[in-house]
Amino acid sequence: MIAATVHRIFALTVLLGSAGVTLCAEHRQSTNRKMDNVSSRDEKKARFLKGKKSKPKDKKESKKSGKKCESFPTVSDLDLSRYAGRWYLIYGTDSPNIQKRCSAANYVYNAPDPIFGGTPSVDVVNSAFCSPGENCPPPYGQFFSIPGKGLNNPAFPDETSKLIVTLNTAPMVDITFNYWVIDVVLDPDDETAPYQFAALADPYYPDGALTYVLSRETTIDASDEETVAMLLKKIEDVGISLENIVPIVQEEVCVYDAE
């Protein structure tokens, strides 16, 4: 009974989530080697990564997968302070790991410690409606939210858009996954304002990449359709198929956490 419950908890996934860490071989090894550099306040969140060790692989195989992992293109110089705030999922992979109704995320920016330094991070609250057949907290047919934290992946210290996010699915139970920002769209009237759209993915999810297109608004105006099409094309250009990308329902009855 306990084992079945734990298995169910680890299978839970909400917006921007996947069932555990899905890293290429060199990415996992590099993360394990560099985990001691993660600040103490993030160490507990990162412990899941450190405990999940891959089977030894020959140098040729590790080098090959590491090259593939590190060469995956993401946006340069992501500013987490401008990424913070509320986002709504407008397109996502047609997978039970992504909720198709009322999926949203709220990020609160945490600046580096003024004395001890470190890297910036974000506090996360993901929310959605749990529909039958989706991996989300039971019972079905209700709104839910799950907190978490996002920080720069220590395996890629110079790539600010390659993050790891940990969601607290239950007391003492976390899931950690890739959060790689492929592209962002600026406010055309203010280049210092928060980003308006974003495309991101977990490219190494075992059943195929999980992909997301986010917007600051719940609906897309005709004037923004070209922008969304550009982001979808960018996702395709990095090697992720659009075949299973579907629109996400955002409606008046949606309940978003931390409004």
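The following legends describe close-up views of a predicted model.

Residues are numbered from 1 along each chain as its sequence is written, and side-chain values use heavy atoms, with hydrogens and water left out. In this predicted model, local features need pLDDT of at least 70 and side-chain atom pairs count only at pLDDT 80 or more, whereas totals for chains, interfaces and linings use all residues.

**View 1. The aromatic pair of Tyr83 and Tyr179.** A search of the whole structure finds ten aromatic pairs (rings of Phe, Tyr and Trp, the last by its six-membered ring, with centres within 6.5 Å; planes under 30 degrees apart count as stacked, over 60 as edge-to-face and the rest as tilted). Tyr83 and Tyr179 form an edge-to-face pair, 6.1 Å centre to centre with 85 degrees between the planes. Tyr83 lies in helix 5 (residues 80-83) and Tyr179 in strand 6 (residues 173-185), so the pair ties together parts 96 residues apart in sequence. Helices (H or I, at least four residues) and strands (E, at least two) are DSSP runs, numbered from the N terminus. Tyr83 is buried, with a relative accessible area of 1%, and Tyr179 is buried at 3%; buried means under 20% relative accessible area, exposed over 50% and partly exposed in between (1.4 Å probe, protein chains only).

**View 2. Trp180 and its partners Tyr204 and Lys162.** Trp180 and Tyr204 form an edge-to-face aromatic pair, 5.7 Å centre to centre with 80 degrees between the planes. Trp180 belongs to strand 6, and Tyr204 to the loop between strand 7 (197-202) and strand 8 (210-215), 24 residues apart. Both Trp180 and Tyr204 are buried. Lys162 lies over the face of Trp180, at 4.6 Å from the ring centre (a charge sits over a ring if NZ of Lys or CZ of Arg is within 6 Å of the ring centre and within 35 degrees of the ring normal).

**View 3. The largest nonpolar core.** This core has 32 residues (buried Ala, Val, Leu, Ile, Met, Phe, Trp, Tyr and Cys residues joined through side-chain atoms within 4.5 Å). Strand 6 supplies the largest share of this core, five residues. Among the residues with the most contacts inside the core are Tyr107, Val184 and Leu214.

**View 4. Asn97 and its polar contacts.** Asn97 is found in the loop between strand 1 (85-93) and strand 2 (104-110) and is buried at 3% relative accessibility. Its side chain makes polar contacts with those of Asn135, at 2.7 Å, and Tyr205, at 2.6 Å. A polar contact is a pair of N or O atoms within 3.5 Å; within protein, one must be able to donate a hydrogen and the other to accept it, and residues adjacent in sequence count only if both atoms are side-chain atoms.
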